Amino acid sequence: MPEWTIKDIPSQLGRSAVVTGTGGIGFEDALALARARCEIIIAGRSLEKGASAIARIRTAFPDAKVRFEELDLASLRSVKDFGARMRAQRSSLDMLINNAAVMAPPMRKVTSDGFELQLGTNYLSHFALTAELLALLRNGKESRVINVSSLAARSGVIDFDDLQAEREYRPMPVYSQSKLACLMFAFELQRRSEASGWRIKSLAAHPGIARTELIPNGAGPRSLQGFARSLLWFLFQPPAQGALPMLFAATSPLAEAGGYYGPDRLGETRGAPAAARVPKQAKDAAASARLWEVSEKLTGVRFS
């Protein structure tokens, strides 16, 4: 099969999408979807970064239907308010790309709700956001939810006894846990969609190793990861290339419900979209169901 590229994205005219994150992979997702004539809502915390993203997309595609909505994933109140605005403004949604993330801050931080920052931002808020938008997605046409995971999920462990890393905080293992949680959520959402007749396809994808601001904004430029990004720059593929697995999962007729996609070369670090290797721990349906129940209790949302 020929390599799948941005040119293979089918027309998205008449479809709508919410993408979390104003830069990096999220921006590239929005830009590619605008090229395919999708209506896009970019959701992020920074009004300035949101305005810049919108301006850049409209420079490339003057007729793009794109706008920014404020969403702070470190606050469940902000997630709830965003969901309420979306339900008031529209009756359906066709696509949700749960992309925005923080990575490996050196010191333990918490969200406004007291969650460890990485688990709260990367996973719990996207879990809650999906619940808030579920009614709109159920009214959409061939709706899809894409959860962005990471190669780091391979080493992830869901520590139910210390989920918030209160006893011990180690930046990368905690990040890996959050990205494993995103992957398990994607699989569990597909199981529950099938069981409940929601008619929503749930998929996951990861970008391999991409040159975004995730490391500088999280671990920092002087961290081990930051030095690797600077010295081994040639290993990091451009964000537009890293975005392709997410775009494949979101738009391709070949993407299967419950599928997981990533780059196809060099241990899934770079290349064209292909089926990704699922870590053994992500296949644990009992643990995934337990994580779902814990997540509902922590966030106070219900998928109904």
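Is Gly258 buried, partly exposed or exposed? At 29% relative accessibility, Gly258 is partly exposed. Here, buried means under 20% relative accessible area, exposed means over 50%, and partly exposed lies in between (1.4 Å probe, protein chains only).

This is a predicted model: local features need pLDDT of at least 70, side-chain atom pairs count only at pLDDT 80 or more, and totals for chains, interfaces and linings use all residues. Residues are numbered from 1 along each chain as its sequence is written, and side-chain values use heavy atoms, with hydrogens and water left out.

**View 1. Gly258 and its contacts.** Gly258 sits in the loop between helix H10 (244-251) and strand E7 (260-265). Helices (H or I, at least four residues) and strands (E, at least two) are DSSP runs, numbered from the N terminus. Leave aside residues up to four places away in sequence, and Gly258 touches Phe187, Gln190, Ser202 and Leu203. Contact means heavy atoms within 4.5 Å. Phe187 is 71 residues from Gly258 along the chain, yet their C-alpha atoms are separated by 5.6 Å.

**View 2. Helix H1 packs with helix H2.** Two packed helices are described by the angle between their axes and the distance between the axes. H1 covers residues 24-35 and H2 covers residues 47-60. Their axes come within 10 Å and cross at roughly 30 degrees. Axes are lines fitted to C-alpha atoms, for helices over the stretch in contact, and angles run from 0 to 180 degrees between N-to-C directions. The crossing of H1 and H2 is right-handed. A crossing is left-handed if the near helix is turned anticlockwise from the far one by less than a right angle, and right-handed if clockwise. From H1 come Phe27, Ala30, Leu31 and Ala34. They meet Ala53, Arg56, Ile57 and Ala60 in H2. By class, this contact has seven nonpolar, no polar and one charged residues. Ala, Val, Leu, Ile, Met, Phe, Trp, Tyr, Cys and Pro count as nonpolar, Asp, Glu, Lys and Arg as charged, and the others, Gly among them, as polar.

**View 3. Helix H3 packs with helix H4.** The axes of H3 and H4 lie 9 Å apart, at an angle of about 25 degrees. That makes H3 roughly parallel to H4. Angles under 35 degrees count as roughly parallel, over 145 as roughly antiparallel, 65 to 115 as roughly perpendicular and the rest as oblique. H3 passes H4 in a right-handed crossing. The contact of H3 with H4 has five nonpolar, two polar and three charged residues.

**View 4. Helix H4 packs with helix H6.** H4 spans residues 117-132 and H6 spans residues 171-196. The two pack at an angle of about 15 degrees, and their axes are 8 Å apart. H4 is therefore roughly parallel to H6. The crossing of H4 and H6 is left-handed. Among the H4 residues in this contact are Leu119, Tyr123 and Phe127. H6 brings residues including Val174, Tyr175, Phe185 and Leu189. By class, the contact has ten nonpolar, six polar and one charged residues.

**View 5. Salt bridge between Glu132 and Arg87.** Side chains of opposite charge can pair when their charged atoms come close. A salt bridge is a side-chain nitrogen of Lys or Arg within 4 Å of a carboxyl oxygen of Asp or Glu. The whole structure holds twelve salt bridges. In this one, the closest N and O atoms are 2.8 Å apart. Glu132 lies in H4 and Arg87 in H3, so the pair ties together parts 45 residues apart in sequence. Glu132 is buried at 13% relative accessible area. Arg87 is partly exposed at 40%.

**View 6. Salt bridge between Arg90 and Glu39.** The N to O distance is 3.1 Å. Arg90 sits in the loop between helix H3 (76-89) and strand E4 (95-98). Arg90 is buried, with a relative accessible area of 16%. Glu39 is partly exposed, at 21%.

**View 7. Glu293 and Arg192 in a salt-bridge network.** The closest N and O atoms of Glu293 and Arg192 are 3.2 Å apart. Glu293 is in helix H11 (residues 285-299) and Arg192 in helix H6, 101 residues apart. Both are partly exposed: Glu293 at 37%, Arg192 at 22%. Salt bridges with shared partners join Glu188, Arg191, Arg192 and Glu293 into one network.
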